[in-house]
Amino acid sequence: MSVKTEPEFQEKPAVDETSEEFMLERVPRNARRTWWSQFVIWTGFGYVPTGLIVGGQLAGADGSGGMPFGQALLTIVLGQGLLVVLTYALGIAAMKTGLNLSLVSRFSYGIKGMVLPMIIMGLLTLGWFASMVGMVGEIFEIAFGSPSGIILLNGLSLEFVLFAIVWGAIFTWSAWKGIVALERVSAPAAPFVLVVAVVAAVMMISEFGGVGNVLDEAANREGMTIGTGVTLIIGAWIAGVIMGVDIFRFAKKSTHVLVGAGACFILTNPLLNLVGYTGAISTGSPNFIIWMTTKGWLFTLLGVLLWVVALWTTNMSELYCNALYVGPAAHQLGWKAPRQTLVIAVGVIGTIIGAFGFYQYFFADFITILGAAFVPLAGPILADFYVVRRREYDTAHVDDLPAVRWPGIISFLVGAVLGVVFQYWLPLPLDFPAGIGALIVTFVLHIVLSKAMANRPEMKIIESADAGIR
């Protein structure tokens, strides 16, 4: 069958007129987006404060000792390189099938079996959304203090709460609008953020006396191994890698997946790691926004604007993906709700949690544990798509799959336990990343269990009369 080449910037992709964003079905070919869409969304998604924080940790900003610049550069290349590989592997599965994470998980976990990992993903994205809402209020308070002098719950100022609520509502509205809003916000925001970040880094280095002085100071940093550094980089972003399935299902070609992965993990995130590293060396803080607030009102305003825009491009993606986890999971539990209703409900909950500082008490350790435990969630998906049952992804309708497929559930649970064990009690040799170690175990275990249980009824390859591919 011949395929007509489509002009990338001339034909407008179809949209889901129901505003459900293809939550319970494959994304049809005529609704796929351009390479530019993937580039701007992933560039904006990649700008998240953790990139700066990790860069600062490599420089010893958290008291860990850090590492010299050359070693930090190698660590960034290795860590971000692994993230590119994982993102591309999952992205290809999403692009080929047009399925979001919850639907593609049905093949390896079962229609009802996927509820468990989706609940975990829902909690994780809610926690991150709330945290970033709180960060918006925090940067306002750092920059301008509390002009009203009114202190509300948890010692937070009136300005902190109001600013967080307003921007929580804006983040929610953007996610409510869907993939088109993600493109439109990210397209102008991403280059603005990156340019200002580079300019700020140059100014901080100049203020410290130049590149030579930075390198001389960096040479004294020691105490962190490359393995630990790679673990920090992967741990900070593995959630985003798995969330990427929900973005890459709109990609047209494998090259578009590579463009998206590269935008985040070759361009944006490594740059933030380097800016955070140099900032920690030259100013003592990896967050250049805080440095900008000490340079007069113009830089303060620019810094606050930059911080809010950066969080906007990331946080709307968090909430957008959250509905794609909660919706299908709730559907299988007998509760059907429109995607936009879910976005508003979760957005309100997350905004309240973030604006009143509750996330500091309830989500700090919770997110750490979930981050260690949920990384192996991708293991069954990768093993199933690339090794166990590749053909079924083209022949089966997502509603015709069995309720439960035990190899996926068992391997994920084993991997989740091992992820926590490796993270807190039994570190892997050579500081090998705990999450990646657990992911590898899960991948292999899923293949072994699938072969051992191959004769069970639910393990047979499903061939539907209509697989839903359009």
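This is a predicted model: local features need pLDDT of at least 70, side-chain atom pairs count only at pLDDT 80 or more; totals for chains, interfaces and linings use all residues.
Close-up 1. The side chains of R106 and D399 meet in a salt bridge, with N and O 2.9 Å apart. This pair links distant parts of the chain, since R106 belongs to helix 4 (residues 101-109) and D399 lies in the loop between helix 18 (392-395) and helix 19 (406-424), 293 residues apart.

**Close-up 2. The salt bridge between E183 and R33.** The side chains of E183 and R33 also meet in a salt bridge, here with an N to O distance of 2.6 Å. E183 is part of helix 7 (residues 179-207) and R33 sits in the segment before helix 1 (35-46), so that the pair, 150 residues apart, again links distant parts of the chain. Both E183 and R33 are buried.

Close-up 3. D384 forms a salt bridge with R389, and the closest N and O atoms of the two residues are 3.2 Å apart. A search of the whole structure finds 10 salt bridges.

**Close-up 4. Helix 5 and the glycine that follows.** Helix 5 is mostly covered, with 22 of its 30 residues buried. After helix 5 comes G145, whose phi is positive, near 70 degrees.

**Close-up 5. The crossing of helix 6 and helix 14.** Two packed helices are described by the angle between their axes and the distance between the axes. The axes of helix 6 (residues 158-177) and helix 14 (residues 339-355) come within 9 Å and cross at roughly 160 degrees. Because angles over 145 degrees count as roughly antiparallel, helix 6 and helix 14 are described as roughly antiparallel to each other. Helix 6 passes helix 14 in a right-handed crossing. Residues of helix 6 in this contact include F160, V161, A164, I165, G168 and W176, and they meet a set of residues in helix 14 that includes R339, Q340, V343, I344, G347 and T351.

How values were computed: Residues are numbered from 1 along each chain as its sequence is written. Side-chain values use heavy atoms; hydrogens and water are left out. A salt bridge is a side-chain nitrogen of Lys or Arg within 4 Å of a carboxyl oxygen of Asp or Glu. Helices (H or I, at least four residues) and strands (E, at least two) are DSSP runs, numbered from the N terminus. Buried means under 20% relative accessible area, exposed over 50%, partly exposed in between (1.4 Å probe, protein chains only). Axes are lines fitted to C-alpha atoms, for helices over the stretch in contact, and angles run from 0 to 180 degrees between N-to-C directions. Angles under 35 degrees count as roughly parallel, over 145 as roughly antiparallel, 65 to 115 as roughly perpendicular and the rest as oblique. A crossing is left-handed if the near helix is turned anticlockwise from the far one by less than a right angle, and right-handed if clockwise. Contact means heavy atoms within 4.5 Å.
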